[in-house]
Amino acid sequence: MKKAKALGLLALLAFSLAFPLLFSNPAITTIAVFTLLFAAAGTGWNIFSGYTGYIALGHAAYFGLGAYALALLCQDEHIPGGYIPFLFVPVAGLIAAASAVPLGAIALRTRRHTFVVITIAIFFIFQLMAYNLRAITNGSAGMSLPLLPPDWNEYFLNDVFYYVTLVLTLLALTLSWWVRNSKYGLGLLAIRDDEDRALGLGVKTGSYKLVAFVISAFFVGMAGAIYAYFLGSIYPPFAFDALFDVAVALMAFLGGLGTLSGPILGALILEPAQQYLALQYGENGWYLILYGLLFLMVILFLPEGIVPTLSKKWASWKAARSTAPSREPPPDDTTTSSQKAALLAEQGKG
Amino acid sequence: MNIIIAAIITGVLTGGVYALMASGLTLIFGVMDIINIAQGALVVLGAYLSYVLEQYLHMDLFVGLLLTMPLMFLLGVAIEWAFIRKLKRDRTMLSILVTFAVALIIEGVLGQLFTTNYVQLHAWYINASFQLAGFYLPYIYVFAFILSGVLLSSLYLLLYRTKFGRSLRASMQNRTAAELIGIDVEKVSALTFGIGVALTAAGGMAFGATTSFNPGSSYDLISRLLVIIVLGGMGSLRGALIASLVMLVIEDVTAVVWSPVWSSTVFFVLLVVLLLFRPQGLFGQLEGRKQ
């Protein structure tokens, strides 16, 4: 079983590495780059919102911060186009993460609805600043990023961006996997289940939440930086886009909130669909209508997400197959994650 | 000094209109524990309904409300029945996404029907004004303020002087207990959602009469409305009223003493600053445990 899983993962990895060779059409690789950007941002977002249950609807603020940070860095340092701006992508991510520290600390003083509204308000503050701080951001005229070298044709260019975003996605996935399987991640899940009880059991809820918030802002910021470089120029409504907030949340919900592969799966399904709709109906209202309907369908018919629904089916199928010689120990899902966190905390002390 | 007083007057008058829209939002939140993100889009829809009545039927804007408010009430009940009620688990968070989807669909339909060009409502009182103690007051601001006053008072009477109001407030205080003493909370929820949406018809008319709008105006509106209800304390009608007046006055005063560019930023920054000291808002209660 484990072997099959590992082989499957390897095959997926090989396929994603070979993807640009199999489909070299720039129209397709462009969609692939956007999909991977959303997969990376969604995985980052999920580390905070999925694991703690705090739905942040303002991460476009960090997306835009990353985008503008890269644009400003390249402008100030007179960086030529090419591979060098990619080296500054982590710096842009760090800037987004650093600003997430005070903002997250403020927002996390509240819970539930109020938290959602505060994140939205912070997002609007940044969008307004991008418009109004003309001296820095150039207002609605936007900023341009370094021009790509002329010998990069559209095939090569898309391939470069594809592999960079693939690396970012894999990094986000690795970190998300590590968090999920660490004592720290267990603390986050305990917060999702019952924050007060988790606090009572010794989980440092305040700093746990804040760290997760900052990590998610880091990945979303890097995704924003790559997005800006890919587009070549950046404007306030694209960098700070309210649709980004909900798109990321929707992808996570579709795939399965708080699961490792959920946001990736959601991005793989929704982003190409959105790109197609935008391409087909971009100029008129049909785009929004169809996207909204898709949105409603997902939430009304698959509220748990694809991954949890499938894994439940899989578990019940397996249970049905092994009912006769049930020698396997019963699944110990009876202990909640907060209890597990408490147990682990005990062990940590001893 | 005079321009500051004038700004305060405008702020109070427009604040009344925002109070109308925000009270619908906070009422829905109080009873159903959900945030209706579509409220902004519904306000714009209300404005377009008034626009259609005015353009094609040449109906007076205020008379038109007799048609648009019941229409929007039915739409609200329908949205609650079709989408909100279907959410069985994780209602709080999923309802935000569902109502956002509804907002997108409304924006798309309006964009399809009316294009994204800005439009404005027309009536004799929109561009006319009268003088009072040295200040020019546009008629529409005064009329809209009176309309808000009338509607909010009737809302008050409905909530505090009728049987339905009592069951609504009971559902607000404790949903389960209200169900236990025989209140049909589902029905109350649907009606509350309808009332909240019906208020947007009036709010939308007043909004459309004072500013030009397009289908995308909803983002600006909903962000302001959310700030207002959080500031006032979610679920508190009194808080929503006071917060809308305070916020709009501050915004208008900032616009004249500093610059109009920064006035909406001040709006959001104030929220963040206030929440540093009072996370529950001005009149809200601290949230208890979830279970």
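# Close-up views of a predicted two-chain model

**Figure 1. The end of helix α13(A) in the predicted model.** Directly after α13(A), A:Gly256 adopts a positive phi of about 135°. Twelve of the 14 residues of α13(A) are buried, so the helix is largely enclosed by the rest of the structure. Among them are A:Phe244, A:Asp245, A:Val246, A:Met251 and A:Phe253. A:Gly255 is also one of the buried residues of α13(A).

**Figure 2. Surroundings of A:Leu250.** A:Leu250 is one of the buried residues of α13(A). Leaving aside residues up to four places away in sequence, A:Leu250 touches A:Leu270, A:Phe295, A:Val298 and B:Leu97. The largest nonpolar core has 200 residues, and A:Leu250 and B:Leu97 are both among those with the most contacts inside it. In soluble globular proteins, nonpolar side chains tend to be buried together.

**Figure 3. The side of chain B that touches chain A.** In this interface, 39 residues of chain B are in contact with 39 residues of chain A. Three elements of chain B give two or more residues to its side: α4 (91–114), α9 (218–232) and α11 (260–277). The largest share, 15 residues, comes from α4(B). By class, this side of chain B has 26 nonpolar, seven polar and six charged residues. For the model, ipTM is 0.79 and pTM is 0.82.

**Figure 4. The loop between α1 and α2 of chain B, at B:Asp33.** B:Asp33 is found in the loop between α1 (2–32) and α2 (39–56) of chain B. Phi of B:Asp33 is near 60°, a positive value in a residue other than glycine. Most residues other than glycine have a negative phi. B:Asp33 counts as partly exposed because it has 18 C-beta neighbours inside 10 Å. Among the elements of chain B, α2(B) has the highest mean pLDDT, 90, whereas strand β1 (residues 129–132) has the lowest, 76.

**Figure 5. The loop between α2 and α3 of chain B, at B:His58.** The loop that holds B:His58 lies between α2 and α3 (61–84) of chain B. B:His58 is not a glycine, yet its phi is positive, at about 50°. With 7 C-beta neighbours inside 10 Å, B:His58 counts as exposed.

**Figure 6. The loop between α9 and α10 of chain B, at B:Met234.** B:Met234 lies between α9 and α10 (237–257) of chain B. The residue has 26 C-beta neighbours inside 10 Å and therefore counts as buried. B:Met234 and B:Ser50 are 184 residues apart along the chain, and their C-alpha atoms are separated by 29 Å.

**Figure 7. Chain A, as context for the close-ups.** The secondary structure of chain A comes to 17 helices and two strands. Its radius of gyration is 21 Å, close to the 20 Å that the globule rule gives for 350 residues, so chain A is as compact as a globular protein of that length. Along the principal axes, the C-alpha atoms of chain A fill a box of roughly 65 × 45 × 40 Å. Buried residues make up 47% of chain A. Of the contacts in chain A between residues at least 6 apart in sequence, 81% join residues at least 24 apart.

**Figure 8. Chain B, as context for the close-ups.** Chain B has eleven helices and two strands, in the order α-α-α-α-β-β-α-α-α-α-α-α-α along the sequence. The radius of gyration of chain B is 19 Å, close to the 19 Å given by the globule rule for 291 residues, so chain B is as compact as a globular protein of that length. The C-alpha trace of chain B spans about 60 × 50 × 35 Å along its principal axes. Of the 291 residues, 51% count as buried. Among contacts in chain B between residues at least 6 apart in sequence, 77% join residues at least 24 apart. Chain B averages a pLDDT of 83, and 97% of its residues score at least 70.

Methods:
Residues numbered from 1 in each chain as written. Chains lettered and ligands numbered in written order. Predicted model: local features only at pLDDT ≥ 70, side-chain atom pairs only at ≥ 80, totals over all residues. Helix = DSSP H or I, 4+ residues; strand = E, 2+ residues; numbered from the N terminus. Rg over C-alpha atoms; globule rule 2.2 N^0.38 Å. Buried ≥ 20, exposed ≤ 12 C-beta atoms within 10 Å, placed from the backbone. Contact = placed C-beta atoms within 7 Å. Nonpolar A, V, L, I, M, F, W, Y, C, P; charged D, E, K, R; others polar. Core = buried A, V, L, I, M, F, W, Y, C linked by C-beta atoms within 7 Å. pLDDT = per-residue confidence, 0-100.
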